[in-house]
Amino acid sequence: MRKSMGKIAMILGLAVGLTACGAGQSAQPSSGTASGGQPAAGGGSQPVEIRLGGGFSSEEPLWLMQVNPSLTPNQGKSYTLNITQFRANADRLNAYQANQIDVASIGQGATLVAASQGIPLKVIASVIKETPGKGFNTMFMALKDSGINSMADVKGKVIGIPDFKSPTDMWARAAIRSAGMDPDKDVKYAIIPIPSMAEAVKSKKIDIGMFPQPFGATALKAGEFKEVFNAKTGVQADEDFLSMMVNPEFLKNNEQAVKDFLSDYVAALKYYNENGTEARKLLIEKQKVKAEPDVYINLTDNNRSTDGKVDPEGWKAVQEILLQEKWIDKPVDLNAIIDMSYLPK
């Protein structure tokens with residue numbers, strides 16, 4: 001049965017879960033000084049420190065900004081980038097509320113839950129998407145000899161997810177509903193860290209596990225697993241699975257620095273979209289990612305925005321699902337929290 005958890009932590013789970021990716025900053029909040037009131041660079045003033053809380057997966061354009069400064073002409077001039085990695089959305093949100101980070105790369109659903117609870121934030125960019133029929137979609141896989149061949153075979157089975165009331169939980173529940181089953185009665189769930197998911201399936205602790213990249217590619221290469229359903233089986237919306245949110249006060253005090261940061265981010269995003277194989281090779285060489293090189297370098301990535309913009313229609317669709325699941329009590333004013341005006345024109 002589903003566990004009861006704290007008010008925020010109950011709802012804010014892993015964005016993509018732990019992965020083999022990311023070897024840069026500590027997983028704990030930075031101890032640097034707060035930068036919310038620091039003026040933007042110019043006239044001899046110091047660059048604004050942007051303290052960004054991220055995760056361990058799917059943030060390649062941000063990692064490229066660290067390992068390939070040639071992509072970021074404004075970095076070191078109007079701003080500096082300090083990335084701290086966190087295990088889960090809840091950890092990032094706690095650091096955000098404690099003014100230990102200014103920007104967070106965080107799950108779309110987690111952002112909506114935070115906004116619904118009155119936490120001040122602005123959504124300023126997309127990081128990675130889950131798009132129907134385009135790019136990689138996070139897979140839920142079983143062993144090839146398990147006898148689980150379709151959604152009809154899922155009834156009564158145990159599904160591994162990284163956290164309750166997380167985007168991954170939403171995907172599983174939506175898929176179950178799409179097959180005419182009750183996600184609270186017809187299946188069971190187990191909390192399994194992503195790095196342990198394959199072993200949990202192989203040892204039959206669970207029947208079906210959730211595999212983001214690069215774990216999906218690794219599992220398929222091993223030849224023991226098959227896909228049963230994926231993130232888009234029940235959620236036919238273009239999700240901004242991870243997006244960037246910023247503290248509105250920091251945004252107000254450092255408008256030009258944020259614009260310059262986003263200009264560089266979009267440049268890194270464009271480079272990654274056009275040179276994914278070379279970019280992933282560089283991240284392996286610089287030890288920003290710890291994964292099997294041939295799998296990671298050549299994997300099929302999720303869809304990503306071409307210009308950093310989020311999809312408002314996708315946000316409406318995800319919000320409707322969260323309302324149906326009663327994870328939020330009332331709609332969030334999306335026009336009040338989404339602000340794409342800081343992205344380059």
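Of the chain's 345 residues, 58% count as buried (under 20% relative accessible area; exposed is over 50%, partly exposed in between; 1.4 Å probe, protein chains only). This is a predicted model: local features need pLDDT of at least 70, side-chain atom pairs count only at pLDDT 80 or more, and totals for chains, interfaces and linings use all residues. Residues are numbered from 1 along each chain as its sequence is written, and side-chain values use heavy atoms, with hydrogens and water left out.

**Whole chain**

Show the surface. The chain exposes about 13800 Å², and carbon and sulfur atoms supply 48% of that area (Shrake-Rupley method, 1.4 Å probe; for residues, only the protein chains shown count as cover). Now switch to cartoon. The chain has 12 helices and 10 strands (DSSP runs numbered from the N terminus: helices are H or I, at least four residues; strands are E, at least two). Among contacts with a separation of 6 or more, 81% join residues 24 or more positions apart (contact: heavy atoms within 4.5 Å).

Select the five strands ordered 2-1-3-10-4. They form an open sheet with mixed pairing (two strands pair if DSSP finds at least two bridges between them). Strand 2 (79-85) and strand 4 (122-130) are the edges, each pairing on one side only. Neighbouring strands here are turned by 25° against each other on average, direction ignored (axes are lines fitted to C-alpha atoms, for helices over the stretch in contact; angles run from 0 to 180 degrees between N-to-C directions).

Zoom in on strand 1, residues 48-54. Strand 1 runs parallel to strand 2, and seven bridges join them. Pick Gly-54: its bridge partner in strand 2 is Gln-85.

**Helix 1**

**Asn-74**

Move to the loop between helix 1 and strand 2, where Asn-74 is found. Its side chain reaches the backbone oxygen of Asp-260 at 3.4 Å. Leaving aside residues up to four places away in sequence, Asn-74 touches Tyr-79, Asp-260, Ser-263 and Asp-264.

**Helix 2**

Select residues 89-97. Which residues of helix 2 are buried? They are Asn-89, Ala-90, Arg-92, Leu-93, Ala-95 and Tyr-96. Their cover includes strand 1, strand 3, helix 3 (108-116), strand 10 and helix 7 (248-253).

Notes. Polar contact = N/O pair within 3.5 Å; in protein donor to acceptor, adjacent residues only side chain to side chain.
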